[in-house]
Amino acid sequence: MSDTPLKVWHERDGKLLRLRLNTPKANIVDAAMIVALDEALDKAHAKHELRAVLLDHEGSHFSFGASIQEHLPGNYTAMLQILHRLVLRMFEYPVPILVAIRGQCLGGGLEVACAGHLFFATPDAKLGQPEIQVGVFPPAASCLLPERIGLAQAEDLIYSGRSITGEEAGRIGLVNSVTEDPEAAALKYFDEYLAPRSAAVIRLAVRAARQDVVSRVRLKLTHVEALYIDELMKTHDAVEGLNAFLAKRAPVWEDR
């Protein structure tokens, strides 16, 4: 595992910010990864020449998800707060965030991806929100997925905890481009459609496209975060599910 959770660099004469998750094979979305992403985005957002961000990953998988240990009692409040700060920063980012996905993109990894703008994924990628299998629900995804793919499709993924392929994700609108080389496809999109445009106009177009949805997501996420902290994590089954996962055993639900 690398000592640096995130690789950060600029390309295309500073017009493109590259962010690469760098703790393969799992690329767990833990506190260190979240802080690194948040700081890199914060540092770059005011660069007047910036036209887009490309988020991708080292290794075969985008991310296996969040750190279960950091979601246990005593840790989950702080963890949720920094994750949701990152998600909102990404969702409100002034230029498009392109996300290139191979392999598994699950749980907190998919929540981070969903805060971006355009998805590029391989046909055999696996995308899903498996949190319900360990007795919790995905707060950020509960807010982001209905906006991206509609309530019916979002409810299926959240309630079932199943994963879908990149091909199916393309059919339901979660993924914009299904391709064998997501990074190359994202770079081609940037070079053809974003690099030649005015950075100032791109920023205004992003604001226009997301004006109302940003307000909805910000408000809903406040309520859903409180639901998670004040109600979900006070249930027996949420704590049991997380502990059972760490112990590699089947959870014993008490329905309370």
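**Strand pairing and a helix contact**

In this predicted model, Leu 106 finds its bridge partner in strand S7, and that partner is Gly 128. As a rule, strands in a sheet are held to each other by backbone hydrogen bonds, in either a parallel or an antiparallel fashion.

Zooming out, S5 and S7 belong to an open sheet of three strands, laid out in the order S5-S7-S8. Pairing across the sheet is mixed. At the edges sit S5 (104-106) and S8 (163-165), each of which pairs on one side only. Going from one strand to the next, the twist averages 20 degrees.

Now for the helices. H4 takes in residues 139-149 and H5 residues 151-160, and their axes come within 7 Å, crossing at roughly 140 degrees. An angle over 145 would count as roughly antiparallel, and one of 65 to 115 as roughly perpendicular, so H4 ends up oblique to H5. As for handedness, the crossing of H4 and H5 is right-handed.

Which residues make the contact? On the H4 side they are Ala 141, Ser 142, Leu 145, Pro 146 and Ile 149. H5 answers with Leu 151, Gln 153, Ala 154, Leu 157 and Ile 158.

How values were computed
Residues are numbered from 1 along each chain as its sequence is written. This is a predicted model: local features need pLDDT of at least 70, side-chain atom pairs count only at pLDDT 80 or more; totals for chains, interfaces and linings use all residues. Side-chain values use heavy atoms; hydrogens and water are left out. Axes are lines fitted to C-alpha atoms, for helices over the stretch in contact, and angles run from 0 to 180 degrees between N-to-C directions. Helices (H or I, at least four residues) and strands (E, at least two) are DSSP runs, numbered from the N terminus. Angles under 35 degrees count as roughly parallel, over 145 as roughly antiparallel, 65 to 115 as roughly perpendicular and the rest as oblique. A crossing is left-handed if the near helix is turned anticlockwise from the far one by less than a right angle, and right-handed if clockwise. Contact means heavy atoms within 4.5 Å. Two strands pair if DSSP finds at least two bridges between them.
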